[in-house]
Amino acid sequence: RGGPGRGQGCALKQIHLNVTDLGLGYRSSEEMIFRYCSGPCRKSQTNYDKILYNLANNRKLPPKDTPSQACCRPTAFDDDLSFLDDNLVYHTVRKHSARKCGCV
Amino acid sequence: PASTKENNCLNAAKACNLNDTCKKYRSAYINPCTSRVSASEICNKRKCHKALRHFFDKVPTKYSYGMLFCSCPAGDQTACAERRRQTIVPICSYEDKDKPNCLSLQNACKTNYICRSRLADFISSCQPEVRSISGCLRESYADCLLSYSGLIGTVMTPNYVRSLGISLSPWCDCSSSGNSKPECQRFAELFTNNRCLRNAIQAFGNGTDVGVWQPQPPI
C-alpha cells in the first residue's frame with residue numbers, strides 16, 4: 001500500500017464487526033467491515049525523524065518536549081457507512097474506516 | 001427491539017454493507033434522503049430520488065432486490081416488514097404533504113421522460129394475465145421486478161403500504177376522481193392488486209425463481 005513515506009510493515013487490515021461493536025452509541029443489528037492501519041514505521045523514517053530521535057537521545061530538546069515519531073495512520077478513509085438502527089432510524093457515519101495507510 | 005429469529009430484511013442489509021459497491025451506493029442515497037435542508041423541508045427530494053435511481057442502476061440486484069423484496073413472516077410487522085418499508089427512506093422519497101389523485105400523478109409522470117418511459121415499461125412488464133401460471137402476461141418475473149424497481153426515484157415511486165402482506169402503491173389515491181373513478185382504480189390496481197407483481201416479489205423473496213438473480217440489460 002502506498003501513501004506518504006510508504007512504510008514496510010504498515011498495512012491495511014480488516015475485521016468484520018457489528019455496528020454496535022464500534023462503541024459510538026448506536027444500537028443496530030447491522031454489520032460492517034472495519035479497516036484499520038497497523039504495523040511498524042521504522043524503515044520509513046525521514047531525516048526529520050532521525051534528527052528528532054538524535055536530539056531527544058542527546059538531550060538537546062527542551063526536557064518536556066517529546067515529539068511523536070512517524071506512525072502508521074490512515075491517509076484516506078473508506079466510503080461513508082449508513083445503517084438502520086433498532087428503532088428504525090437511519091444513521092450515517094463518516095471517516096470511520098481506513099482505505100489507505102501510510103507512515104506519517 | 002429487534003427479534004432474534006431469522007430476519008431476511010436485516011440479513012440483506014448486513015450483506016449490503018459487507019459489499020463495497022452496495023455499501024457505497026446505499027450510503028449515497030441514505031445521506032441526501034435523511035438530511036434536512038430547511039425548517040420547512042425535511043430533505044432535498046430531487047437529490048434523494050436521483051441517488052435512489054443510481055442505487056438501483058449500479059448495485060447488483062442480488063443486493064438491491066435483497067433489501068427491497070426480502071420476505072417477511074406473516075406475523076412480523078415491525079423488525080422485518082417495517083425495515084423493508086424503510087428501504088427507500090419513504091419519509092423523503094415517498095410521502096408528501098398531500099396525496100394527489102393517481103391520474104394526476106400519472107399525468108405529472110408523463111411530463112418527465114425518465115418517469116414516462118419507466119412507467120410504460122412497468123405497465124407492459126408487470127401486466128397481469130389470469131390464464132398464465134406465473135400470473136404475468138410476459139411470463140418474466142425478472143422483467144417485472146426490474147421495471148418496478150425502475151420506478152423508484154421517479155414521481156411514481158411506489159412502496160409497501162403499512163398493512164398485512166405485500167401491498168404496494170405510489171403516493172396517490174382515487175378520491176376526487178369524478179367521472180374518471182373506474183379509470184383511476186384500474187391504474188391504482190396495477191400496484192395494489194397485481195397478481196403478476198405480487199408473485200414476482202414472493203418468488204424472489206422465497207428464492208424460488210432463480211432467473212431473477214441474473215442482471216437484465218436496461219430497457
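This tour visits a series of selections in chain B.

The model is predicted: local features need pLDDT of at least 70, side-chain atom pairs count only at pLDDT 80 or more, and totals for chains, interfaces and linings use all residues. Residues are numbered from 1 along each chain as its sequence is written, chains are lettered from A and ligands numbered from 1 in the order in which they are written, and side-chain values use heavy atoms, with hydrogens and water left out.

**Helix α3**

Select residues 45–58 of chain B, helix α3. Helices (H or I, at least four residues) and strands (E, at least two) are DSSP runs, numbered from the N terminus. The 14 residues of α3(B) should span 20 Å at 1.5 Å a residue, and the end C-alpha atoms are 20 Å apart, which agrees. The expected span is 1.5 Å times one less than the number of residues.

Next, select B:Asn44, which caps the N-terminal end of α3(B). A side-chain oxygen of B:Asn44 lies 3.2 Å from the backbone nitrogen of B:Arg46.

Then colour the buried residues of α3(B): B:Cys48, B:His49, B:Ala51, B:Leu52, B:Arg53, B:Phe55 and B:Phe56. Buried means under 20% relative accessible area, exposed over 50%, and partly exposed in between (1.4 Å probe, protein chains only). These buried residues pack against α2 (20–34), α4 (61–68), α6 (90–93), α8 (113–125) and α9 (141–150) of chain B.

Move to α7 (residues 102–110) of chain B, where B:Ala108 lies. B:Ala108 is partly exposed, with a relative accessible area of 34%. Its C-alpha atom is separated by 7.6 Å from that of B:Val155, 47 residues apart along the chain.

Now show α8(B) as well: the axes of α7(B) and α8(B) come within 6 Å and cross at roughly 120 degrees. Axes are lines fitted to C-alpha atoms, for helices over the stretch in contact, and angles run from 0 to 180 degrees between N-to-C directions. The two helices are therefore oblique to each other; angles under 35 degrees count as roughly parallel, over 145 as roughly antiparallel, 65 to 115 as roughly perpendicular and the rest as oblique. B:Gln106, B:Cys109 and B:Lys110 in α7(B) meet B:Cys115, B:Arg116 and B:Leu119 in α8(B), where contact means heavy atoms within 4.5 Å.

**Two loop residues**

Select B:Glu139, in the loop between α8 and α9 of chain B. Its phi is near 55 degrees, a positive value in a residue other than glycine. Most residues other than glycine have a negative phi. At 52% relative accessibility, B:Glu139 counts as exposed.

Finish at B:Ser176, in the loop between β2 (168–170) and α10 (181–192) of chain B. Phi of B:Ser176 is near 45 degrees, also a positive value, and at 71% relative accessibility B:Ser176 counts as exposed.

Note on methods
Polar contact = N/O pair within 3.5 Å; in protein donor to acceptor, adjacent residues only side chain to side chain.
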